[in-house]
Amino acid sequence: MGRDATRVLAGALAAGAFLLCADAGAQGFAALVSPPRFELAAKPGEKLRQVMEITNASAQGAKYRLRTADWSLDAAGSVKFDEPLAAGSCRPWVAIESRQVSVAPGGKYRYRFEIAVPEDAKPGECRFAIMVEGDEQSVQTPGGPSFPISGRLGVIVYVTIGDAHPELEVVGARVESVNNEPTPVISVKNNGTAHGRLTGFLSGTDASGRKLDFTPSTLPILVGESRTLPLVVYGDKDEAVKIAYPITIRGKLEWSGKSAPFEQTFSR
């Protein structure tokens, strides 16, 4: 995995898991960051000051390097972090406390950063990440050479500027294989000026007569993008739910205080 193009599972990004981690197998890297995601709002000309807490969960002191990065979400739902400044990036608005911090064994560090939104900023969304990286360590392979590896966390930050907001539209529906199971999915386009996430509860009766409840994946739909979201079936968590197709799923989809009725038949 390249140092300047780290991928992480986007489930953490969407659900607000405890951390977003790359190179998680790195020995000795035991950092936790809270919160793992910031969703902020600001007016043009406003300065936001925020704090995140870095915890060193190891029994040894640790040094962490910090920097900002741009990021994008690919079609597979993974995040790519990039250090080079992207076109239109808002990272020049961002100031971080320091490039390196030391945290005692089992200790915590309250790390500060701020975003200074320009006076002439237009409604839209500022999006970046703060990367927390541990020292490189040499890992010995059994009977082979050693190689360097490091652990990294990415803390995602969204800042909605002015009256920016998502405008989500369902533009397709079909059945796809998700984790080797045929799953109803929808394609959602964001025509707005800020990212959005779908919520809501849907229900349907499958071909066997069984009533099932669904909820859409909470992956973010970024500005100008379309994303395929599975409709997650509620059932026994210890047993995969087999849907007998066709099934018509109905209900209401919601996002950012808005809602829209949904009805779609899914067939294999």
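Biologist: Which residue stands opposite V33 in β5?

Modeller: I54 stands opposite V33. This is a predicted model, in which local features need pLDDT of at least 70 and side-chain atom pairs count only at pLDDT 80 or more, while totals for chains, interfaces and linings use all residues. Residues are numbered from 1 along each chain as its sequence is written, and side-chain values use heavy atoms, leaving out hydrogens and water.

Biologist: How many bridges join β3 to β5?

Modeller: A strand is a DSSP run of E with at least two residues, numbered from the N terminus, and two strands pair if DSSP finds at least two bridges between them. Here four bridges join β3 to β5 (residues 47-56), and the two run antiparallel.

Biologist: In what order do the strands of that open sheet lie?

Modeller: The order is β3-β5-β10-β8, four strands with antiparallel pairing. β3 (31-34) and β8 (94-96) each have a single partner strand, so one side of each is left without a neighbour in the sheet.

Biologist: Which strands does β17 pair with?

Modeller: Four bridges join β17 to β18 (residues 211-216), running antiparallel. On that side, S203 stands opposite D213 in β18. The two strands form a hairpin with five residues between them, and G209 in the turn has a positive phi of about 90°. Strand β20 (residues 247-255) is likewise joined to β17 by four bridges in the antiparallel sense. There the residue opposite T205 is T248.

Biologist: Which residues make up the covered face of β17, and which the uncovered one?

Modeller: In a regular strand the side chains alternate between the two faces of the sheet. In β17 (residues 202-205), the covered face holds L202 and G204. S203 and T205 are on the uncovered face.

Biologist: Is V132 buried or exposed?

Modeller: Buried means under 20% relative accessible area, exposed over 50%, and partly exposed in between, with a 1.4 Å probe and protein chains only. V132 has a relative accessible area of 0%, so it counts as buried. V132 is found in strand β11. I54, the residue opposite V33, is 78 residues from V132 in sequence, and the C-alpha to C-alpha distance between I54 and V132 is 8.8 Å.

Biologist: Which residues touch the most other members of the largest nonpolar core?

Modeller: A nonpolar core is a set of buried Ala, Val, Leu, Ile, Met, Phe, Trp, Tyr and Cys residues joined through side-chain atoms within 4.5 Å. The largest one has 31 residues, and M52, Y64, I115, F128 and V159 touch the most other members. Strand β14 (residues 152-161) gives this core its largest share, five residues.
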